[in-house]
Amino acid sequence: MGRITSFIKRKVFRMNRDRWNYQYDKGLWEGLKGLDELARFSVIIGYIKYLKPGQPEIVEIGCGEGLLQQRLQTQNYGRYVGLDISDRAIQTAQAQADGKCTYRVGDMDTYQPEGSFDLIIFNESIYYSRHPLETLQRYATRLKANGLLIVTINDHKHSDELWHRIRDGFDLLDEATTITAKSTCVCKVLLPKGAKSEL
Ligand SMILES: C[S@@+](CC[C@H](N)C(=O)[O-])C[C@H]1O[C@@H](n2cnc3c(N)ncnc32)[C@H](O)[C@@H]1O
């Protein structure tokens with residue numbers, strides 16, 4: 001990578017990180033802890049326990065303050081890796097993490113997780129990738145045999161188009177839609193196209 005490209009990428013990363021840090025500092029994402037977000041988390045946790053019982057290895061991209069890991073509880077994972085662009089959010093997640101968790105600050109479009117995973121989760125975060133399908137496909141190369149992706153997308157004017165793009169690279173194992181007083185959220189369990197499901 002040329003020096004100018006590398007400089008621009010670092011600058012864009014810092015601007016993004018600062019924007020998200022500002023929003024976390026202002027408490028703009030406190031709503032994620034609310035009752036009207038519970039259904040979304042509960043569906044993901046249900047899928048994890050049903051599809052990968054025991055001690056799955058999980059990576060969550062755009063994990064925010066680690067709410068999913070905290071709610072899933074330590075007995076339901078063998079390893080949990082969380083990535084977020086906001087170091088403020090990661091500090092908060094880290095403060096409540098156990099020895100099986102690793103939290104990292106980074107950009108989902110460039111981060112390379114170590115090892116392989118049973119589950120890769122994008123919970124309300126794939127919107128922030130510059131190229132969602134390519135990003136999901138890149139992470140999917142880190143799936144173990146029979147590994148799965150879980151992706152949630154809140155219903156908004158571009159969500160159908162986003163799902164449509166993602167559909168090109170993945171087969172659908174299952175999906176569930178939650179409707180709360182605040183929003184409608186679709187959660188899909190995906191596997192790389194052509195991969196056989198053990199279920
Ligand atoms: C709507 S929040 C969802 C947080 C968490 N998944 C949840 O549901 O509570 C989106 C998260 O994506 C993170 N994010 C945004 N752009 C990102 C990027 N390029 N790389 C990694 N994380 C990013 C934000 O900092 C934020 O924590």
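In this predicted model, a polar backbone atom of Asn123 lies 2.8 Å from a nitrogen atom of the ligand, a polar contact being a pair of N or O atoms within 3.5 Å. The protein covers 97% of the 590 Å² of accessible area that the ligand has on its own, with areas taken from the Shrake-Rupley method with a 1.4 Å probe. A polar backbone atom of Gly62 is 2.7 Å from a nitrogen atom of the ligand, while a polar side-chain atom of Tyr24 is 2.6 Å from an oxygen atom of the ligand.

Around the ligand there are 20 residues, of which Tyr24, Arg40, Gly62, Asp84 and Asn123 come nearest; a residue is near if one of its heavy atoms lies within 4 Å. This shell comprises 10 nonpolar, five polar and five charged residues, where Asp, Glu, Lys and Arg count as charged and Gly is among the polar ones. At least two residues of the shell come from each of α1 (3–25) and α2 (38–51).

Turning to the whole chain, the protein has six helices and seven strands, which are DSSP runs of at least four residues (H or I) and at least two (E), respectively. Its radius of gyration, taken over C-alpha atoms, is 16 Å, close to the 16 Å that the globule rule (2.2 Å times the number of residues to the power 0.38) gives for 199 residues, so the protein is as compact as a globular protein of that length.

Residues are numbered from 1 along each chain as its sequence is written, and side-chain values use heavy atoms, with hydrogens and water left out. Local features need pLDDT of at least 70 and side-chain atom pairs count only at pLDDT 80 or more, whereas totals for chains, interfaces and linings use all residues.

Technical notes
A polar contact is a pair of N or O atoms within 3.5 Å; within protein, one must be able to donate a hydrogen and the other to accept it, and residues adjacent in sequence count only if both atoms are side-chain atoms.
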